[in-house]
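Have the structure open while you read.

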Amino acid sequence: MSSPLRRQVAQQLRASMRRAGINGKQLAALSGVSEASISQLNQANSNPTLQMLETVFAALEHQLRLEPLSAPDRGRASLSEQLAQVLR
């Protein structure tokens, strides 16, 4: 079963490949990542390393970045406060 993040990565990969007008074999040649691995990424059937994702998306002239899910909620405990509660 694939996670929502894996499905999102697969969706973005397919869209980026369509925009670039390339297939999995061509992306494999451009990125140096095996065609089988590209296929697994496309189907959200793998647990790729960050290095692999960076390599594949760099070949498509994309970069990876992390963004906060949403603005911090002032009424919610900070991550460090949550961690302190768990460790008690």
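In which helix does Ala36 lie? Ala36 lies in helix 3, where helices (H or I, at least four residues) are DSSP runs numbered from the N terminus. A word on ground rules: this is a predicted model, with local features needing pLDDT of at least 70 and side-chain atom pairs counting only at pLDDT 80 or more, while totals for chains, interfaces and linings use all residues. Residues are numbered from 1 along each chain as its sequence is written, and side-chain values use heavy atoms, leaving out hydrogens and water.

Helix 3 also holds Asn42, so here are the two residues together, with buried meaning under 20% relative accessible area, exposed over 50%, and partly exposed in between (1.4 Å probe, protein chains only).

| Residue | Relative accessible area | State |
|---|---|---|
| Ala36 | 51% | exposed |
| Asn42 | 16% | buried |

Ala36 sits 12 residues from Gly24 in sequence and 8.6 Å from Gly24 in space, C-alpha to C-alpha. Asn42, for its part, touches Ala10, Leu13, Arg14 and Met17, not counting residues up to four places away in sequence; contact here means heavy atoms within 4.5 Å.

Those partners belong to a helix pairing. Ala10, Leu13, Arg14 and Met17 in helix 1 meet Ile38, Leu41 and Asn42 in helix 3. By class, that contact has 5 nonpolar, 1 polar and 1 charged residues, counting Ala, Val, Leu, Ile, Met, Phe, Trp, Tyr, Cys and Pro as nonpolar, Asp, Glu, Lys and Arg as charged, and the others, Gly among them, as polar. Helix 1 and helix 3 pack at about 115 degrees with axes 8 Å apart (axes are lines fitted to C-alpha atoms over the stretch in contact, and angles run from 0 to 180 degrees between N-to-C directions).

Now the core. The largest nonpolar core has 12 residues, including Val9, Leu13, Met17, Ile38, Leu41, Leu53 and Phe57; such a core is a set of buried Ala, Val, Leu, Ile, Met, Phe, Trp, Tyr and Cys residues joined through side-chain atoms within 4.5 Å. Within it, Val9 touches Leu53 and Phe57, again skipping residues up to four places away in sequence.

Conventions: Helices (H or I, at least four residues) and strands (E, at least two) are DSSP runs, numbered from the N terminus.
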